[in-house]
Amino acid sequence: MSSVQDTVFSIISKEAGIDIAKITPESTLKDLEIQSLDAVQIIFEIEDHYKITLPDRDPNFDTESVKGLVDAVEKLLAEKQAASPPA
Amino acid sequence: MRRVAITGMGSISSLGHDAGEQWRAMREGRSGIGPIANIPTDLLNVKIAAEVRGYDPLKYFDSKRLILLDRVSQFALIAAREAVAQSGLTFSESNIGERTACIVGTGIGGENTHNEQSQRFYGDKNPRVHPLTIVRLMANAAACQITMEYKLTGPAFAVVSACASANHAMAQAFDMVRSGKVDFAVTGGTEACITVPTVKAWEAVRVTADDTCRPFCKQRRGMVLGEGAGIFVLEEYEHARKRGATILAEFAGSGMSADAGDIVLPSETGAAKALAAALRDARLEAGDIDYINAHGTGTPANDPTESKAIRRVFGGYANAVAVSSTKSMHGHALGAAGAIELVAAIGALREGVIPPTANFIDPDPECDLDYVPNVAREKKVRAVLSNSFAFGGLNAVIALKRFD
């Protein structure tokens, strides 16, 4: 399990108040019975944690499922790293 | 029971600086949505809005007065002046001002002042905050400024219910005139909250569109922020008739409800309850309504829910009633929305023209009513409903009748 996945799981668990054991990469937010306002809070907490901006309703990004969120974060982090000059 | 006439109408929005100009734009299906020009956009993801453009406050207010007025109060006063002038009433005569209520809705209040002073304090680290900050930003400022301009000494206050503020305010003013508590009211809604932090806050809710506002159609991507004001003069019907006033429409009734459910997701039941209550209060049947000015925000959630609520209340008449969202043209002016939309409702009643839902591409199977896509339609309009459904599940519907 990647560290991004750990973090995304824990944010979802905390914001939606659901047991972390119930979350799998395959779950959609809908399966987890996460309401729209909780969903935008989850996305906000992920963005704030990683200092990234997840796109809004972009067909190239799946922000409906947990795996989709993890992939999106990893992709954006990779882009961010590529864009920043080497230390 | 006393009847209530609307004898004055004033408005300012992205579609124009007076009600007539805005009505012409709506009838032509012209949109006031465009790239944001009044504030810096470098930090914004959503770079479009329906801003009041080409606006010079000094055309309306001298600099001494202006220092007291947030943009939200300026808009309210401009609309009030137009409405009062049209009504032909002189509030200083025959104790009219003493018998007049002034009730103005706003969702936010003096957001520009709040933003400027916060920037000064936190951003510029300037410890001196302007001494008129409070009186400019308080949510009741617009209502107060109107009472002072016309010496209206009856009941006066602001009404706050997010996107339904204007309709709630006008419903309250209507009740006061109908019940005899007052004989006149100056009422409506005003909003001016297109600032960088507010736009960012709306972006964060993920309900704002980045292309344009396309209510009820399949390609809709959300709402577009607007701003402006609409103010109306309400008058006891017999008084208006006897003095030979031009009666723009009869304010026939209102219906209000709370979903008491989700803080953002709309409820079909709550909306239907307000629609049915408005019909009952106005002593109208669904078959009497020829036009509904929808809340129609263009969000994925509102439009199907609102359509289902209309279908539930209208039953067999649902296919016959024309429904349009003029937010496709003037954006979502939040606490002013219902008031700007009443200009559309009155225009439809008086001219027999239904303003269209602009920017409409393909129908959405979830939204199955007649939305008058893109082009206005001529149709005799006997009575209209105007819907506002706010975040927090606060619903207010207004019913108007044609005056013949």
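Predicted model: local features only at pLDDT ≥ 70, side-chain atom pairs only at ≥ 80, totals over all residues.
Is B:Ile194 buried or exposed? For chain B, the average pLDDT is 97, and 100% of the residues score at least 70.

Back to the residue. B:Ile194 sits in a loop of chain B, the one between β6 (184-191) and α8 (196-205). B:Ile194 has 23 other C-beta atoms within 10 Å, and the cut-off for buried is 20 or more, so B:Ile194 is buried. What does B:Ile194 touch, leaving out residues up to four places away in sequence? The list is B:Asn38, B:Ile39, B:Ala49, B:Glu51, B:Val199, B:Leu225 and B:Glu227.

Next, helix packing. Two packed helices are described by the angle between their axes and the distance between the axes, so I will give both values for each pair.

Staying in chain B, helix α7 (residues 165-179) packs with helix α13 (residues 337-351) at an angle of about 75°, and the axes are 5 Å apart. That angle makes α7(B) roughly perpendicular to α13(B). On the α7(B) side the contact is made by B:Ala166, B:Asn167 and B:Met170, and on the α13(B) side by B:Ala337, B:Gly338 and B:Ala339. Sorted by class, that contact has 4 nonpolar residues, 2 polar and no charged.

Now chain A. Helix α1 (residues 3-16) of chain A and helix α3 (residues 66-83) of chain A pack at about 130°, with 10 Å between their axes. From α1(A), the contact takes A:Val4, A:Gln5, A:Val8 and A:Ile12; from α3(A), it takes A:Val66, A:Leu69, A:Val70, A:Val73 and A:Glu74. By class, the residues of this contact are 7 nonpolar, 1 polar and 1 charged.

Last, the contact of the two chains. How many residues does each chain give? Chain B supplies 8 residues and chain A supplies 7. On the chain B side, the residues that touch chain A are 5 nonpolar and 3 charged, with no polar residues.

Key
Residues numbered from 1 in each chain as written. Chains lettered and ligands numbered in written order. Axes fitted to C-alpha atoms, helices over the stretch in contact; angles between N-to-C directions. Helix = DSSP H or I, 4+ residues; strand = E, 2+ residues; numbered from the N terminus. Contact = placed C-beta atoms within 7 Å. Nonpolar A, V, L, I, M, F, W, Y, C, P; charged D, E, K, R; others polar. pLDDT = per-residue confidence, 0-100. Buried ≥ 20, exposed ≤ 12 C-beta atoms within 10 Å, placed from the backbone. Parallel < 35°, antiparallel > 145°, perpendicular 65-115°, else oblique.
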